[in-house]
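Subject: Structure for you to look at

Hello,

Here is the structure I said I would pass on. Please open it first; my notes follow below.

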Amino acid sequence: MRFTLITLAILLANISIVSAQGIGSGGTIKDDGRFAASTKQLNQFFRRFNAEESPDGNTRFYPGDSLYHNRPLRQGFIQILFDNQTSSVSKDLKTQFINTVLSDGYPQYLNFHRTGWFSEVQAEFIFKGKREKVTLILKLQPEGLGYEWVIDAVSFPPFKNLFNKPVGDEKDFLHPLSHELGFMNLRRAFQDSKMPEAFTGNAFHPDYLTLFLYEMKQNNLRFSTVNEVKFHFFQIEGWYFEVSQFNRPGFNTGWLISNLVKLNPGDKETIQQYIYDQK
Amino acid sequence: MKNKLILFLGLFLASSVVALAQSEDISPSRKQAIDSLALEKVKDLSKYIAIIGSKETQFSEANRVMDRAEELFAPGAEMGVSSINSNEIAYYKVRRYFERLMALNYDRVNITWYDIQYISDLERQPDGRYVGVITIFQRFEGTSIETGMNYKDTTKKDITIYVEKKQTQIAGRTIEFWDVMLGDVRVTETSA
């Protein structure tokens, strides 16, 4: 056991000097370890988090392999999965998180196909001739013979103040005996009012994604580009973390944990609402 | 009772869909063979890119190589390119990307590859084909003798691979084989 631990420690410490098998024999540049150390794909984030691959990333571990889900290997991996240069996650919080994840009695793993994680994509669209930023929330779902990413929600600034339902004295209404007049006063709601949403029920909430798709079908919205991608994870019980991509010099690069929050009751819903930004 | 039966049937059907979605997993040894095949295609692409980018390559030869390189890709594949200074992705059809590479105004172009790559798991998509991503790193150096301009960059290339089981007839026998096609490629300039 001790020997295994020492071997793993050496392997992880030397992750930077491990050279992968070359893509071509001649004319290749030797990696100084930075690319080997980088968490190059989100797939690698999952594999490292769960200890499902070798430190150099060249060997995939499957159930039954001796190092599959190996605790010391996971510990080493998870420590290098944090953004250690810019994020303000405290050492104490990291330790608590790692202890939870690696718990002897109840170790927790990430699962690509399970719910509890989603992506936040910052994109740019041209809306009625003007460049606008859009936040898309995407999630993975089973479909047909496999899986697909689907758009779950959209946050689009031009829609934000489109439905500001007035309150109190400001709010216009259809009086309670309107039915006796065959709702002839609907004219007030649909023709005279600039805020027809004032006449909707308490449960009314605009569906921004439907509006967004409608504008696209009307040729008012045209996709331009993707600027940034992040992932939000709620799969570890009692914890939330965010994974972002870091493209910078050094060894602490690629897909890394950029934010970590220990959740109290109700926090999960609050954070999700904040990310989805549908109010 | 009726409600319970409907709930049971609903749960059964829902679990069947998930089981269907996750069935026909590729075994580790099969995955390794597919990875090797996919890497061969990526190697071929790297050779073709070096030939297309070299000024020493005749125009007609570059066009012939572009045809070969294009054959590695699934129809409609695109290159999405971004630089350190701008997150914005410029999209090019594969052929257009090669043409731009050929048109670069350097006397000497040297494209080399880092001895590191990462191959993702294969995931099944709704149509039954498998999809994976191979990440490689490339070093580009272009020199212009006249202006003395020397441009260098290192890019990360995330290359989509599509894996599909196909059949062919050989001497009257039906042989099944796994075919690999390249798909969209994301090119990101790295800070390395």
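**Where the chains meet**

In this predicted model, the contact draws on 34 residues from chain A and 36 residues from chain B. On the side of chain A that touches chain B, at least two residues each come from strand 1 (28-29), helix 2 (34-37), helix 3 (42-50), strand 3 (130-143), strand 4 (146-155) and strand 5 (221-233) of chain A. Strand 5 of chain A gives the largest share, 4 residues. By type, the residues of that side of chain A are 11 nonpolar, 14 polar and 9 charged.

Strand 1 of chain A also pairs with strand 3 (residues 108-119) of chain B, in the parallel sense and over 2 bridges. A:T28 stands opposite B:W113, a residue of strand 3 of chain B.

**Helix 4 of chain A**

Helix 4 (residues 71-80) of chain A has A:L73, A:R74, A:G76 and A:F77 buried. Viewed down the axis of this helix, its buried residues fall within an arc of 165 degrees, so they line one face of the helix. Residues three or four places apart point the same way because an α-helix has 3.6 residues a turn.

**Confidence**

The model has an ipTM of 0.85 and a pTM of 0.87. Chain B has a mean pLDDT of 84, with 87% of its residues at 70 or more. Within chain B, confidence is highest in strand 4 (residues 123-124), at 97, and lowest in helix 1 (residues 2-22), at a mean of 42. The pLDDT is below 50 over residues 4-23 of chain B, a stretch that has 8 contacts in the model beyond near neighbours in sequence. Where pLDDT is low, the predicted coordinates should not be read in detail.

Regards

Methods: Residues numbered from 1 in each chain as written. Chains lettered and ligands numbered in written order. Predicted model: local features only at pLDDT ≥ 70, side-chain atom pairs only at ≥ 80, totals over all residues. Buried ≥ 20, exposed ≤ 12 C-beta atoms within 10 Å, placed from the backbone. Arc of directions from axis to C-beta. Contact = placed C-beta atoms within 7 Å. Nonpolar A, V, L, I, M, F, W, Y, C, P; charged D, E, K, R; others polar. Pairing = 2+ DSSP bridges. pLDDT = per-residue confidence, 0-100.
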